[in-house]
Amino acid sequence: MPRKPGMTRDDLFNTNASIVRDLSEAAAKNCPKAFVAIITNPVNSTVPIACEIFKKHGVFDPRRIFGVTTLDVVRSAAFVAGAKNLDAEETDIPVIGGHSGITIIPLLSQAKPFCKFSNDEVKKLTERIQNAGTEVVKAKAGAGSATLSMALAASKFVESLLRGLRGEKSIQCAYVASDACSGVDYFATPLEFGKNGVEKVLGMGKLSTYEQSLVAAAVPELKKNISKGLKFVSG
């Protein structure tokens with residue numbers, strides 16, 4: 001179900017949570033070693049739902065279930081490239097946290113190639129990246145949400161995962177079960193993929209003071225989102 005004007009990703013929960021639950025049940029029963037990439041919003045809640053279903057069946061492997069947050073990475077690269085006259089395909093901005101609102105944390109201090117930003121630029125770019133999905137929904141005026149950009153993001157994520165499965169070094173951000181951030185059991189960071197899925201959680205790296213404040217603000221929201229998913233499964 002796509003978002004409509006005035007809706008948040010969390011408003012999709014009632015419809016999409018049951019879809020993710022049912023598909024996860026089928027996967028856990030019939031293909032428990034599958035790599036499950038979840039792009040269904042609200043990702044902050046649907047990934048915990050899938051993980052709990054796999055746990056219920058005794059087949060949970062945290063290396064094989066991912067929340068696809070690549071769209072935030074793609075948008076970050078596009079916005080920074082536009083602001084700094086760079087090639088978006090050659091620009092990389094790690095995005096950590098989650099996949100909605102203030103939980104989306106672009107690490108502009110870790111931009112490649114290195115870029116200098118004023119404090120005002122950092123704030124404006126961060127807020128635009130966090131609200132980019134809503135910007136698209138408003139622009140489409142009820143005709144849907146991000147589609148082509150989401151397809152591009154899904155393609156980039158799957159390509160990264162497949163490179164890892166082939167034994168090639170591959171790094172991509174995704175929202176997974178991890179201890180990368182104190183206080184929450186799910187968090188997006190750069191991940192190194194390998195033949196078993198997530199080979200290494202690369203963590204947040206060195207954060208600026210502003211980015212540290214964004215993480216602190218995101219944690220309570222992530223806790224709420226994760227709890228909502230867990231409660232949906234437990235009843």
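Visitor: Why is T126 called buried?

Guide: T126 has a relative accessible area of 1%, and buried means under 20%, with exposed over 50% and partly exposed in between, for a 1.4 Å probe and protein chains only; therefore T126 counts as buried. This is a predicted model, in which local features need pLDDT of at least 70, side-chain atom pairs count only at pLDDT 80 or more, and totals for chains, interfaces and linings use all residues. Residues are numbered from 1 along each chain as its sequence is written, and side-chain values use heavy atoms, with hydrogens and water left out.

Visitor: Which residues is T126 in contact with, leaving aside neighbours within four places in sequence?

Guide: They are P106, L108, Y210 and L214, where contact means heavy atoms within 4.5 Å.

Visitor: What makes a set of residues a nonpolar core?

Guide: The members are buried Ala, Val, Leu, Ile, Met, Phe, Trp, Tyr and Cys residues joined through side-chain atoms within 4.5 Å. The largest such core here has 31 residues, and I65 and F187 are among those with the most contacts inside it. Another core, of 15 residues, lies apart from it and includes C115 and L125.

Visitor: How do you know that C115 is buried?

Guide: Its relative accessibility is 9%, so C115 falls under the 20% limit.

Visitor: Why is C115 too far from the closest cysteine sulfur for a bond?

Guide: A disulfide is a pair of cysteine sulfur atoms within 2.5 Å. The closest cysteine sulfur to that of C115, in C173, is 16 Å away, so the two are too far apart for a bond. The structure holds 0 disulfides. C51 is in none either, with the nearest cysteine sulfur, that of C31, 15 Å away.
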